[in-house]
Amino acid sequence: MKRVAIGCLLPLAVLVVAIAGFVGLMMTKKPPQKAEEARAPVMISVVTAKESPVHYQIESQGTVQPKTQTSLVAEVGGRVVSVSDQFRSGSMVQKGELLAQIDPADYQTALSAAEADLAQAIAAYEQEKAQGRVAAQEWRSVSPDKVTDIALRKPQLASAEALVQSQKARLEEAKRNLQRTEIRAPYDGLVRQRNIALGQYVTLGTQLGMIDDTAVAEVRLPVSDEELSWLGLSDGDRSGITISLANTVAGQTHHWDAELVQGSGVLDAQSRMSFVIAEVRDPYSRLKAGGHWLKYGTFVSAQMRSGKERPLIVLPKEAVRGDEVVLVDNDNHIRRLKVQVDRTDTENAYISSGLQDGDRVSLTSLSNVVDGTLVAIAPEPPKAEHQTQLAVSEK
């Protein structure tokens, strides 16, 4: 019986020992180590910040107008007896050129009458002087101590002298009226319009036509207060500012140099813009032949360049987001940095403070990447030969 019991218990003991060994092995087993997932650095493009002196350039536009425009008005009345072929819209005229003639007959008659009246007044004056000398001799022989001005005919002489002066003035007026029958160009100009015709009767004050001076053209250019500050015009200093005007016709662009002559101190009530006035000398090339005409009424674009240099860092506009840039350090880790943006245009952002010369700035948007992230710098693409030639030609 005892042998049977021991034979039954032996397999059970073996089973228990096997289970205990298995449990012990499981408890001493080390879990497998997790391999960290390797991440590739973010590939970005960078630009190197470089400080350089900058002249701001402002874009504007305006319409070319004559600086001086004159309305020709009749100063005497009469019938128009001649009109020059040059006195018509669009014609060039020279200073003093006869444009029209009012019938001078009545004014020539008035001039002749004034000359005759003056001659008569001079004769009367000479006669009074002679009579005065005779009266003086007679009174001195009779009673030299009691000679009066009346006895010497001095009042009559003064009246005769005054009449001479009056007749001289009438003669000058008659000459001027005769000259006013000739309508002449006041300066080298361009006829804008003519309002009279041959045989027409005009009265004093009738508008005969209009002429534009071709010596100087002007353009009023709208600019904002901020742009005035960029140009350095906020304090009225115009030194060094240059202006170039351009107009494109039939695919050809022509340029003219202009001079800034006045900055407006008043804002336009509707546009809230200020205006600066630029002038172009000899717009119709009358003094120097061969130039392209800058015709009145032409709409031109203007590029104004500031006279003062500013030490600024110029970055491509996409490198700046608001007032922030992404800086890349020497170990290729990124860091966001606040900067002072002085101005932006369609291509560039101008940084006045916050960056140092030689800093590397990311051109790639990194909105979802935290500071300290490792990045890889993309190689710069080789410049094409035609691009290099274009850059040289633009300098």
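Trainee: How many bridges join β3 to β18?

Mentor: This is a predicted model, in which local features need pLDDT of at least 70, side-chain atom pairs count only at pLDDT 80 or more, and totals for chains, interfaces and linings use all residues. Residues are numbered from 1 along each chain as its sequence is written, while side-chain values use heavy atoms, with hydrogens and water left out. Strands (DSSP runs of E, at least two residues) and helices (DSSP runs of H or I, at least four residues) are numbered from the N terminus. The strands β3 and β18 run antiparallel, and the number of bridges that join them is four.

Trainee: Which strands are the edge strands of the open sheet of four strands?

Mentor: The open sheet has the order β3-β18-β22-β21, with antiparallel pairing. An edge strand here pairs on one side only, and this describes β3 and β21 (340-344).

Trainee: How many aromatic pairs does a search of the whole structure find?

Mentor: Rings of Phe, Tyr and Trp (its six-membered ring) pair if their centres lie within 6.5 Å, and planes under 30 degrees apart count as stacked, over 60 as edge-to-face and the rest as tilted. With this rule, the number of aromatic pairs found in the whole structure is three.

Trainee: Why is the pair of Y56 and Y350 edge-to-face, and how many residues apart are the partners?

Mentor: The ring centres of Y56 and Y350 are 5.3 Å apart and the planes stand at 85 degrees, so this pair is edge-to-face. The pair links distant parts of the chain, with Y56 in the loop between β3 (51-54) and β4 (57-66) and Y350 in strand β22 (residues 348-353), the separation being 294 residues.

Trainee: Are Y56 and Y350 buried or exposed?

Mentor: Buried means under 20% relative accessible area, exposed over 50%, and partly exposed in between (1.4 Å probe, protein chains only). Y56 has a relative accessible area of 2% and Y350 has one of 9%. Y56 is therefore buried, and Y350 also counts as buried.

Trainee: Which residues form one aromatic cluster?

Mentor: Y284 and W293 form an edge-to-face pair, 5.2 Å centre to centre and with 65 degrees between the planes. Within this pair, Y284 is buried at 4% relative accessibility, whereas W293 is partly exposed at 42%. The aromatic cluster is formed by Y284, W293 and Y296.

Trainee: Which residue has its charged end over the ring of Y56?

Mentor: A charge sits over a ring if NZ of Lys or CZ of Arg is within 6 Å of the ring centre and within 35 degrees of the ring normal. One such case is R220, which lies over the face of F275 at 4.2 Å from the ring centre. Over the ring of Y56, 5.2 Å from its centre, sits the charged end of R343.

Trainee: How many salt bridges does the structure hold?

Mentor: A salt bridge is a side-chain nitrogen of Lys or Arg within 4 Å of a carboxyl oxygen of Asp or Glu. Among them is the one between E126 and K129, with the closest N and O atoms 3.5 Å apart, and both residues lie in helix α2 (residues 105-142), three residues apart. In total, the number of salt bridges is eleven.

Trainee: Which strands hold D212 and R192?

Mentor: The side chains of D212 and R192 meet in a salt bridge at 2.7 Å, N to O. The two residues are 20 apart in sequence, so the pair ties together two parts of the chain, namely strand β12 (residues 207-213) for D212 and, for R192, strand β10 (residues 189-194).

Trainee: What is the relative accessibility of K338?

Mentor: K338 forms a salt bridge with D323, the closest N and O atoms being 3.5 Å apart. K338 lies in strand β20 and D323 in the loop between β18 (310-316) and β19, 15 residues apart. D323 is partly exposed at 38%, whereas K338 counts as exposed, with a relative accessibility of 54%.

Key
Pairing = 2+ DSSP bridges.
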